[in-house]
Each structure stands twice: as C-alpha cells, then as structure tokens.
Amino acid sequence: MNLTKSNKLIIGILCDIIGMGSYLIPGAGEFFDIIWAPLSLYIMVKMYKGTEGKVAGAVSFIEEALPIDFVPTFTLMWLYTYKLKKGQ
C-alpha cells in the first residue's frame, strides 16, 4: 500500500476502533477476534514495510488474539514511525 501518513493515521485509528469494538456485542467478541487477529496482522504488514511492519503485525495479531483489546496498536505504530523514529 502506498499511503500518505495522514491516510495511515486514519486507517490505523479505524482499525483500532474495530479491534476494540469487538466487545460491544456480548458473546461475539471471541468469534470476531478469531477473524480480526489475522486480518489486523495483514493490514499492519501492508501498511508498514520491512522488519518493523512484520514485528508490528505480530504484536497486533497477539494483542487481538488475547483478551487485551485496549491497546491502540495501529496508532502506536504510526506514532513510532512518524514521531519517535523521526527523531533518531
């Protein structure tokens, strides 16, 4: 995907909302996470290339597969890529 950093932020926020929203429907959260975890890995790897994208994809997969859906993984990766890493 060749996206601008603004588009990556918007898509990332939407993906974080989708991941966190899985618990809005009682009983459906676990089933939704089975589908969303690998999809979030795929999206993350496509959005962020290289080793960092693969690591972030793995973290996203694990975070979505476990009952800790409160971590905004996509937004944190955007902040790392465009704010923290830039200063190195």
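In this predicted model, helix α1 passes helix α2 in a left-handed crossing. The axes of these two helices come within 11 Å and cross at roughly 165 degrees, and since angles over 145 degrees count as roughly antiparallel, α1 and α2 are therefore roughly antiparallel to each other. On the side of α1, the residues that make the contact are Lys8, Ile11, Gly12, Cys15, Ile18 and Gly19, and on the side of α2 they are Phe32, Trp36, Ile43 and Met47. Sorted by class, the residues of this contact of α1 with α2 comprise seven nonpolar, two polar and one charged.

| Helix pair | Axes come within | Crossing angle | Handedness |
|---|---|---|---|
| α1 and α2 | 11 Å | roughly 165 degrees | left-handed |
| α2 and α3 | 8 Å | roughly 165 degrees | right-handed |
| α2 and α4 | 11 Å | roughly 15 degrees | right-handed |

For α2 and α3, the axes come within 8 Å and cross at roughly 165 degrees, which makes α2 roughly antiparallel to α3. In this contact, α2 contributes Asp33, Trp36, Ala37, Pro38, Ser40, Leu41, Met44 and Val45, while α3 contributes Gly53, Lys54, Ala56, Gly57, Ala58, Ser60, Phe61, Glu64 and Ala65. By class, the contact of α2 with α3 has 10 nonpolar, four polar and three charged residues.

Which way does α2 run relative to α4, roughly parallel or roughly antiparallel? Their axes cross at roughly 15 degrees, and because angles under 35 degrees count as roughly parallel, this crossing makes α2 roughly parallel to α4. Here Ser40, Ile43, Met44 and Met47 of α2 meet Thr73, Phe74 and Met77 of α4, and the residues of this contact of α2 with α4 are divided into five nonpolar, two polar and no charged.

**The buried face of α4**

Helix α4 spans residues 73–84, and its buried residues are Thr73, Phe74, Met77, Trp78, Thr81 and Tyr82. When the helix is seen down its axis, these buried residues fall within an arc of 140 degrees, so they line one face of α4.

Thr73 lies in helix α4, and it is one of the residues through which α4 meets α2. Is Thr73 buried or exposed? Its relative accessible area is 7%, and because buried means under 20%, Thr73 counts as buried. When its neighbours within four places in sequence are left aside, Thr73 is in contact with Asp16, Met44, Ala56, Val59, Ser60 and Glu63.

Met47, for its part, is placed in helix α2, where it takes part in the contact with α1 and also in the contact with α4. With a relative accessibility of 1%, Met47 counts as buried. Along the chain, Met47 and Gly19 are 28 residues apart, and their C-alpha atoms are separated by 16 Å; Gly19 is itself among the residues of α1 that make the contact with α2.

Definitions and conventions: Residues numbered from 1 in each chain as written. Predicted model: local features only at pLDDT ≥ 70, side-chain atom pairs only at ≥ 80, totals over all residues. Heavy atoms only, no water. Buried < 20%, exposed > 50% of the residue type's maximum accessible area, 1.4 Å probe, protein only. Helix = DSSP H or I, 4+ residues; strand = E, 2+ residues; numbered from the N terminus. Arc of directions from axis to C-beta. Axes fitted to C-alpha atoms, helices over the stretch in contact; angles between N-to-C directions. Parallel < 35°, antiparallel > 145°, perpendicular 65-115°, else oblique. Left-handed = near helix turned anticlockwise from the far one by under 90°. Contact = heavy atoms within 4.5 Å. Nonpolar A, V, L, I, M, F, W, Y, C, P; charged D, E, K, R; others polar.
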